[in-house]
Amino acid sequence: QITPEMYSSVKRCLPNITKEEWSVAIYYLIRGKYWEYHHQSLQTLCDYFTTCRAMEKEPQKNNNFMREYVETMREYELRRKEFDDKKLRNNYELHKSAFEFEYGNFVIVLPKSAQDIVNEGVNMHHCVGSYVNRVVGNTTYIVFVRHKDTPNECYLTCQVSTEGDIQQYYLAYDRTIHTTEDIEFKNAFQTHLKANWQN
């Protein structure tokens, strides 16, 4: 039997649970021989659903949950780069109009893959590469500020919050901006973000 405590715990672990997901959750939770209610069981189950979402895979009812869980995790790890890059691109698509911006001699360039962010960190000699999981998880955004005439060359790295606020804005080696041109672009970009951000 599904208790109110179990229901609340699943809802906490898995926001916006769908009818299909809940049907599968009930299937596993009521199989008392395997599932006894405790935190680790629910966390494993929610990890399974989260991974299915990342893979755009329908969760399955399987007589052996652990087999289904392990096989799903194995497939995800084998194809992780593919799934992460697709999710990253989808996250930026949500705010496409806000990120499409150029002003003066500069233009905003978006990463197309997790590797693009890692490469930015290497080329700029700062820690932005460590933000990859947060970007894929849609808890922050990283964008690149480039000169219009050399859009493939690193110049400045910008972190934008999920509310459309510029949080960090650094040149190579974590140097802060000081030229009028750089400051004007940052201010104009922030104004554009707030005017076009879709919540």
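Q: DSSP runs define the elements here: a helix is a run of H or I with at least four residues, a strand is a run of E with at least two, and both are numbered from the N terminus. Where is Tyr173 found?
A: Tyr173 is in the loop between strand E5 (166-170) and H9. A word on the source: this is a predicted model, where local features need pLDDT of at least 70 and side-chain atom pairs count only at pLDDT 80 or more, while totals for chains, interfaces and linings use all residues. Residues are numbered from 1 along each chain as its sequence is written, and side-chain values use heavy atoms, with hydrogens and water left out.

Q: What makes up the chain, in helices and strands?
A: There are nine helices and five strands. Going along the sequence, they come as α-α-α-α-α-α-β-β-α-α-β-β-β-α.

Q: Why is Tyr173 called exposed?
A: Buried means under 20% relative accessible area, exposed means over 50%, and partly exposed is in between (1.4 Å probe, protein chains only). Tyr173 has 55% relative accessibility, so it counts as exposed. Its phi is also worth a look: near 60 degrees, a positive value in a residue other than glycine.

Q: Why is Glu56 called exposed?
A: Glu56 comes in at 57% relative accessibility, so it goes in the exposed class. You'll find Glu56 in the loop between H3 and H4, and it has a positive phi of about 55 degrees despite not being a glycine.

Q: What makes Ala172 buried?
A: Ala172 has a relative accessible area of 13%, so it is buried. Ala172 is placed in the loop between E5 and H9. Contact means heavy atoms within 4.5 Å, and, neighbours within four places in sequence aside, Ala172 is in contact with Met124 and Tyr155. The C-alpha atoms of Ala172 and Met124 are separated by 4.4 Å, though the two are 48 residues apart along the chain.

Q: How do you know that Phe189 is buried?
A: Its relative accessibility is 0%, so Phe189 counts as buried. Phe189 lies in helix H9. Leaving out neighbours within four places in sequence, its contacts include Phe99, Ile108, Val143 and Val160.

Q: What share of the 199 residues is buried?
A: Buried residues account for 41% of them.

Q: Why is the pair of Phe99 and Trp197 called edge-to-face?
A: Rings of Phe, Tyr and Trp (its six-membered ring) pair if their centres lie within 6.5 Å; planes under 30 degrees apart count as stacked, over 60 as edge-to-face and the rest as tilted. A search of the whole structure turns up 17 aromatic pairs. One of them joins Tyr48 and Phe65, edge-to-face at 5.6 Å centre to centre with 80 degrees between the planes. That pair links distant parts of the chain, with Tyr48 in helix H3 (residues 39-55) and Phe65 in helix H4 (residues 65-78), 17 residues apart. As for Phe99 and Trp197, their ring centres are 5.6 Å apart and their planes are at 90 degrees, so this pair is edge-to-face. Phe99 is in helix H6 (residues 96-99) and Trp197 in the segment after helix H9 (180-196), so the pair ties together parts that are 98 residues apart in sequence.

Q: Are these ring residues, Tyr48 and Trp197, buried or exposed?
A: Tyr48 is buried, with a relative accessible area of 0%. Trp197 is buried too, with a relative accessible area of 9%.

Q: Which residues do ring pairs link into a cluster?
A: The cluster is made of Tyr27, Tyr28, Tyr48, Phe49, Phe65 and Tyr69.
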